[in-house]
Amino acid sequence: MQIKAVNAVPSYRITHNIVSNLDTHKEWINQSFAPHKRKALLVGAGYSAKKHIGKIRQYQKDGYDVYAIKHALPILREGGVVPKGMITLDPRPAQGVSTHGVKRADLFDALPKETIVFHASMTHPSVFEYIKAKGHKVIGFHA
């Protein structure tokens with residue numbers, strides 16, 4: 001069996017998103033960051049996120065930086081976890097409905113002000129605009 005990734009939108013749309021985001025983002029991750037010994041936990045929205053919320057809280061208490069994929073954000077917040085960062089990768093508009101059946105913009109309602117949003121250049125520009133309008137810190141990166 002061979003698995004082939006399929007983009008949620010045509011390639012030309014992703015290219016358009018990247019070009020648009022290059023003009024709007026003021027801060028980008030680059031290679032000038034120094035190595036460090038911090039530990040991180042990246043949390044997706046699968047079944048195990050709810051099942052292991054207690055373990056996730058403990059990791060955070062033990063000094064791990066917790067990062068959320070956008071669908072995990074409401075799960076973490078309901079479980080009392082404030083993630084250090086959230087990662088966005090979706091090339092579709094903020095106002096559309098996600099593959100999980102949730103309006104994408106609604107996923108950001110639980111976003112604490114202290115959580116940094118790491119916004120992939122391929123993400124739809126409306127997501128950046130929506131998050132930035134709410135006063136959140138956004139850092140761009142190339143996925």
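K70 and D90 form a salt bridge through their side chains, with N and O 2.9 Å apart; a salt bridge here is a side-chain nitrogen of Lys or Arg within 4 Å of a carboxyl oxygen of Asp or Glu. This pair links distant parts of the chain, with K70 in the loop between β2 and α4 (73-78) and D90 in the loop between β3 and β4, 20 residues apart. Both K70 and D90 are buried, where buried means under 20% relative accessible area, exposed over 50% and partly exposed in between (1.4 Å probe, protein chains only). A network of salt bridges connects K70, D90, R92 and R104.

The model is predicted: local features need pLDDT of at least 70, side-chain atom pairs count only at pLDDT 80 or more, and totals for chains, interfaces and linings use all residues. Residues are numbered from 1 along each chain as its sequence is written, and side-chain values use heavy atoms, with hydrogens and water left out. The average pLDDT (the predictor's confidence in each residue, from 0 to 100) is 89 for the protein, and 98% of the residues score at least 70. Helices (H or I, at least four residues) and strands (E, at least two) are DSSP runs, numbered from the N terminus.

The search of the whole structure finds six salt bridges, among them the following.

E27 is partly exposed at 36% relative accessible area, and K137 is partly exposed at 40%. D65, by contrast, is buried at 9%.

Helix α1 has the buried residues I14, N17 and N21. They lie on the same side of α1, because their arc around the axis is only 55 degrees, taken from the directions from the helix axis to the C-beta atoms. The face turned away from this buried side carries exposed Y12 and D23. The buried residues of α1 pack against β4 (116-120) and α5 (125-133), contact meaning heavy atoms within 4.5 Å.

In α5, the buried residues are P125, V127, F128 and I131. Their arc of only 155 degrees puts them on the same side of α5. Their cover includes α1, β3, β4 and β5 (138-141). Just after α5, G135 adopts a positive phi of about 85 degrees.

P112 lies in the loop between β3 (85-88) and β4 and touches L73, R77, V82 and H136, not counting residues up to four places away in sequence.
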